[in-house]
Amino acid sequence: MPIPRHAGPRLLLLAALLAPGLALAASKPSPAKVVVDPMEASLAGEFALQAGQLPEAARQYLQAARSASDPVLAERATRIALLADEDALARDAYATWRSLAPEGGEAQRMVAAGLALRAGDKRASRRELRTLLAEGGKGWRSALAALFGAVGKQQKLVVAMIDGVVDDNLLPDDLQAWLGFGGLAQRLEQPALVDRIVGEIVRRYPGEPRVALLRAQLLREGGKLGEARTLLAGLEDAAKLSPQLRWSVAGEYDALGDSAKAAQVLGWGPQDDASHAQRAMLLDKAKDKAGLAALYEELKREATHPNPMRRLLLGQLAELLERYEDARGWYANVPGEGVQGIARLRGANVLHAMGRKPAAFDELHAIQADQTLDEEARRDGYLLEAELRLKDKDEAGELDAYARGLAAFADDEALLYSRALLWERRDEIAKAEADFRRILVISPDDVNTLNALGYTLADRTTRYREALELIDRARVAAPGNAAIIDSYGWVLFRLGKPRQALDHLRHAYALQKDADIGSHLGHVLWVLGERDEARKYFEEARKLDPENRSLQRALQATGA
């Protein structure tokens, strides 16, 4: 809800409500006579939400919903209470929502299933999930979302519910539904359940390439790399006929560590700029200079008068091959105002790679000053300069690039965000916070900045309550974001609640296998005495990113 720009009598009354100690010493009405103004309660809820005070926000929205008989406000109160882990309040808000909108539809039933699961009520969980799955259509998606949302609190019950769904044959005849439930079982590390689901999928959809692709993925994740590769080899003929399958098979080969084979698979069939660019990335990852050279020659032959995007791609391929003069030639001949800025930026990058650093920075300064280029290209000139100064280990030059950039583009959010990360790397947390807060003045609901500042305060200071409020604001905007759930788990750990933290970190890792999340999960497990499991996550984090800073800190803190 938008906040009024000018404070009128309602807002003054709200201030008194929020700060009772400042209220006038007038005679107070008896509780039975108090009437809640729904507008005031909504505003109070919004203020509390902006402050990251989720329980208070949920209570205020619930009061507003009851006073106005508004099911939309009741739904909002319910969802905020769930995020705040205030299950009793969430059940109260849900009851109000349901009374105001008895035919609340699938969204309401999904919340009912989630509440039952979080409460550990097996009978109610089974009933609500059956109701969702019996609806046909995409009701299975809501059932899956409810299960995912309860992973942190009731993992064993979630596993039992999936098991029951498969036992009772409740999933619709929809391959995506089976793949979704199989994927959740895999993320929960339930190999026996995964095998049952895969077996059922194979029985129901014999010869379906996506089933073989799923089995290859599961074999890979289980460490059976040879078997996974054999299955992928059997899909290659089908992949030649289907662009979508071709991309998927290439992705699996890449995940197996064979980026060269992935590039080969993507090379089958008709090509476009997207597939060419992806092949270039894969070949570079495989350090296959011969393959890059062949792709470069292939693209040069294909077009005697390449379009601007193709010229950019040819320039990037020449860069990767360290044919820097060729790259500069391609970039210098990119027509069209729309992409000239990108071409000139790439050209400056090439000059730097050639060791012609003064010329590179001169070109970047020219880009920054060229009023014929669009603002984004000129702003990116400062960002690239800072990046190249970082490569040169020139901290003073990097800071100067940000200072000049912000002088030219006052309060530009990308420049502020990048500079905040620089301050954090230098352990100048107060300065990082100042830049993050400047962004929040401009964009109060910027989810990435809320999360970044909240995580920084949780990780690098002892201001845990303040961090929690910021992260909670981000959770409201993006409740299913793995990075934000990770930040929430980490701040709970820093608040001395490792058991609660563990639930959320497991949930985050189930959503996204990431080195930061794995490091936090391993750290918390180590503190809880689960050291064998902790070592497993540390090792997974090391494989994902050996130089990860969260991993290094966790290993140092635990002595693992």
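The following legends describe close-up views of a predicted model.

**View 1. Packing of helices α26 and α27.** Helix α26 spans residues 429-442 and helix α27 spans residues 447-460. Their axes lie 9 Å apart, at an angle of about 160°. The two helices are therefore roughly antiparallel to each other, the limit for this description being an angle over 145 degrees. The crossing of α26 and α27 is left-handed. On the α26 side, the contact is made by I429, E433, F436, R437, I439 and L440. These residues meet T449, L450, A452, L453, T456, L457 and R460 of α27. Sorted by class, the contact of α26 with α27 comprises eight nonpolar, two polar and three charged residues.

**View 2. Packing of helices α6 and α7.** Helix α6 covers residues 105-118, and helix α7 covers residues 122-133. The helix axes come within 8 Å and cross at roughly 155°. This angle makes α6 roughly antiparallel to α7. The crossing in which α6 passes α7 is left-handed. From α6, the residues E106, R109, M110, A112, A113, A116 and L117 take part in the contact. Their partners in α7 are A124, S125, E128, L129, T131 and L132. The contact of α6 with α7 contains eight nonpolar, two polar and three charged residues.

**View 3. The aromatic pair Y94 and W97 in helix α5.** A search of the whole structure finds five aromatic pairs. In the pair of Y94 and W97, the ring centres are 6.1 Å apart and the planes stand at 90°, so the arrangement is edge-to-face. Both residues belong to helix α5 (residues 87-100). Because Y94 and W97 are three residues apart in this helix, about one helical turn separates them. Y94 and W97 are both buried.

**View 4. The aromatic pair Y509 and Y537.** Y509 and Y537 form an edge-to-face pair, with 5.3 Å from centre to centre and 90° between the planes. The pair links distant parts of the chain, its two members being 28 residues apart. Y509 is located in helix α30, whereas Y537 is located in helix α32 (residues 531-544). Both Y509 and Y537 are buried.

View 5. Leaving aside residues up to four places away in sequence, H507 touches F148, G149, V151, G152 and I485.

**View 6. S69 in the loop between α3 and α4.** S69 is found in the loop that joins α3 (54-68) and α4 (71-83). The phi angle of S69 is near 50°, a positive value in a residue other than glycine. With a relative accessible area of 48%, S69 is partly exposed.

**View 7. D411 in the loop between α24 and α25.** D411 is placed in the loop between α24 (395-408) and α25 (413-425). Although D411 is not a glycine, its phi is positive, at about 60°. D411 has a relative accessibility of 33% and therefore counts as partly exposed.

Definitions and conventions
Residues numbered from 1 in each chain as written. Predicted model: local features only at pLDDT ≥ 70, side-chain atom pairs only at ≥ 80, totals over all residues. Heavy atoms only, no water. Contact = heavy atoms within 4.5 Å. Axes fitted to C-alpha atoms, helices over the stretch in contact; angles between N-to-C directions. Helix = DSSP H or I, 4+ residues; strand = E, 2+ residues; numbered from the N terminus. Parallel < 35°, antiparallel > 145°, perpendicular 65-115°, else oblique. Left-handed = near helix turned anticlockwise from the far one by under 90°. Nonpolar A, V, L, I, M, F, W, Y, C, P; charged D, E, K, R; others polar. Phe/Tyr/Trp six-rings, centres within 6.5 Å; stacked < 30°, edge-to-face > 60°. Buried < 20%, exposed > 50% of the residue type's maximum accessible area, 1.4 Å probe, protein only.
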